[in-house]
Amino acid sequence: MLPVNQQTVLETDNVSYRYSKQPVLENVSMEIKKGSFLGLVGPNGSGKSTLIKILLGLIAPDAGEIRLFGTPLKKFKHWEKIGYVSQKANSFNSGFPATVQEVVAMGLYGQMGLFRFLNKTHKRKIENALEQVGMSDYKKRTIGELSGGQQQRVFIARALVSEPDILILDEPTVGVDAQSVQQFYTLLSTLNIEKGMTLLLVTHDVGVMTRYVSHVACLNRILHFHGTSEEFEEQNLSSVYGHDVTMITHGHESGGPL
Amino acid sequence: MLAVFLQYSFLRYALIIGLLVGFLAPVLGVFIVMRRQALITDALSHITLTGIAFHLLMAQSLTVLQPVNPVYMGMGFSVTGSLLLERLRHVYASYKELAVPIILSSGIGFGVVFLSLADEFGSDLFRYLFGSIIAVTSQDALVVSLIAVIVILFIIFFYKELFFLSFDEEQAKINGIPTKTINFLFTVIAALVIASSIRIVGILLVSSLMILPVAASVRLSKSFKQMFVYAFLFGELSVAVGLLTAFYFDVAPGGMIALTALLILGIVIGLKKETH
């Protein structure tokens with residue numbers, strides 16, 4: 001497994017959140033070290049997406065604190081350090097007439113600031129990002145023409161183009177075919193191991209994920225588990241299920257009886 | 001044909017304003033349509049009517065207002081209305097589309113009451129509703145030109161933010177785009193363009209010039225930049241053909257502009273049958 005640096009990229013300290021008096025998150029304390037690959041798993045409605053929204057400053061927690069690169073969220077300004085691929089990224093208006101190039105360029109807009117235009121350096125960054133996800137040949141195509149898996153890659157390129165320190169992906173494989181899912185995990189693995197990119201992957205698909213991540217966090221309102229993927233597998237095998245987790249999730253996914 | 005048209009100064013001014021709003025309206029329309037807010041133009045144009053009606057009522061007792069073009073009051077109302085609309089969209093966070101009919105019906109409600117009190121249900125009202133090329137002054141043309149400069153600069157300098165916001169507002173916010181400020185400025189700019197277009201197209205048909213060229217453009221465009229090229233072409237074509245035919249057939253220009261835009265849209269839909 002990858003050597004993990006000590007610097008904490010992202011940290012939540014006793015975070016709680018309620019929605020209409022219903023507790024969604026309770027005392028969630030979690031951290032991600034630089035260079036690690038954390039899989040945040042939990043069933044639907046477990047508060048995963050809510051936690052991500054809190055991390056990104058889209059909603060405020062009722063209690064607890066979040067620190068990004070050591071800075072409290074409220075004072076955090078360097079959003080270009082955080083790349084985000086949302087669950088909704090795939091459900092955008094598919095008739096939107098934008099080219100792949102135009103979509104990836106958006107990832108630079110925040111850090112460019114107002115009254116600035118794309119220059120050669122920016123264009124080179126766009127090329128690089130598309131190359132990293134293997135979509136260079138499609139830069140002139142409109143985003144709506146691409147397959148789900150290809151669009152996925154474009155949105156990852158958009159998140160990568162600002163050269164972030166951490167990439168957060170919220171249920172990115174929903175609605176993407178099995179082969180693309182495989183390629184997708186290979187891509188994440190490459191980014192993590194070769195480029196040293198810190199990754200936070202939110203998913204309900206426990207099976208495939210454990211083979212690629214360095215750490216696992218299991219969330220279902222409270223944090224049930226937070227540790228390395230080896231610890232996770234040991235604990236699962238011995239105490240929780242008593243047999244292979246992968247089998248269970250695959251059976252569940254195909255819609256068959258458990 | 002054009003020579004006759006240009007003989008009269010008021011027609012010349014009408015043509016200048018027409019050609020200016022002929023690209024301002026559809027270019028802003030691109031962002032409005034992509035954000036799925038096409039109905040916002042109707043809400044803002046109706047609130048402009050309220051402003052015009054208010055001016056006509058006030059002008060009866062305040063003589064200083066009489067020589068002033070009522071459209072300025074309309075602009076003021078439209079800008080205020082646009083701000084109220086943004087507020088309402090936050091009040092009804094999960095029913096955002098409610099903001100539009102609320103503003104639209106209150107605009108008409110107040111407008112009709114003001115017009116009744118002012119006893120102005122005459123040809124003046126018809127002009128504001130459907131547009132007119134009569135009695136356009138050089139001052140009108142100057143004001144719209146100034147607005148055009150402001151709008152063009154706004155779009156050039158905020159293009160990337162507007163584009164990102166149209167595509168995915170949440171992601172734009174995460175990436176550090178000042179979404180609130182941009183939304184605010186955009187609504188004010190839209191209100192100004194709508195009020196400027198009213199002189200020629202009329203309150204009821206502003207949306208035809210803002211939306212129809214974009215509806216045609218979206219079927220042909222292969223990139224976001226192309227959207228503007230087609231919207232610009234279709235908008236100008238609609239205004240040019242609409243104004244000239246309106247003059248020769250002596251009908252309200254708003255109607256002819258809307259019909260021309262509709263004809264272009266019909267042709268484009270006929271040419272490209274695939275769904276969007």
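**Note on the A/B model: hairpin, sheet, interface and side-chain pairs**

1. Start with the hairpin. S1(A) and S2(A) form it, with 2 residues between them, and Ser20(A) in the turn has a positive phi of about 50°. Helices (H or I, at least four residues) and strands (E, at least two) are DSSP runs, numbered from the N terminus. This is a predicted model: local features need pLDDT of at least 70, side-chain atom pairs count only at pLDDT 80 or more, and totals for chains, interfaces and linings use all residues. Residues are numbered from 1 along each chain as its sequence is written, chains are lettered from A and ligands numbered from 1 in the order in which they are written, and side-chain values use heavy atoms, with hydrogens and water left out.

2. Strand S1 (residues 8-19) of chain A is joined to strand S2 (residues 22-33) of chain A by 8 bridges. Two strands pair if DSSP finds at least two bridges between them. Opposite Tyr17(A) stands Leu25(A), in S2(A).

3. S1(A) also pairs with strand S4 (residues 63-68) of chain A, in the antiparallel sense, over 5 bridges. Leu10(A) has Leu68(A) in S4(A) as its bridge partner. For Glu11(A), the partner in S4(A) is Arg67(A).

4. The whole sheet is open. Its 4 strands, in chain A, come in the order S2-S1-S4-S5, with antiparallel pairing. S2 and strand S5 (71-72) of chain A are the edge strands, each pairing on one side only.

5. Now the interface. Contact (heavy atoms within 4.5 Å) takes in 30 residues from chain A and 29 residues from chain B. The area buried between the two chains is about 2700 Å², and carbon and sulfur atoms give 67% of it. Buried area is the accessible area (1.4 Å probe) that two parts lose on being put together, summed over both. Lys160(B), Phe167(B) and Ile174(B) supply 29% of what chain B buries against chain A, more than any other three residues.

6. Polar links across the interface can be listed briefly. The count is 6 residue pairs in polar contact, both residues at pLDDT 80 or more. A polar contact is a pair of N or O atoms within 3.5 Å; within protein, one must be able to donate a hydrogen and the other to accept it, and residues adjacent in sequence count only if both atoms are side-chain atoms. Helix H7 (138-167), helix H8 (169-174) and helix H11 (224-249) of chain B each supply at least two residues of the side that touches chain A. H7(B) gives the largest share, 10 residues.

7. The rule finds 1 salt bridge between chain B and chain A. Asp168(B) and Arg158(A) form a salt bridge at 3.9 Å, N to O. The rule asks for a side-chain nitrogen of Lys or Arg within 4 Å of a carboxyl oxygen of Asp or Glu.

8. Over all chains there are 14 salt bridges. One of them joins Glu171(A) to Lys48(A), the closest N and O atoms being 3.3 Å apart. This pair links distant parts of the chain, 123 residues apart: Glu171(A) lies in the loop between strand S7 (166-170) and helix H5 (178-194) of chain A, and Lys48(A) in helix H1 (residues 48-55) of chain A.
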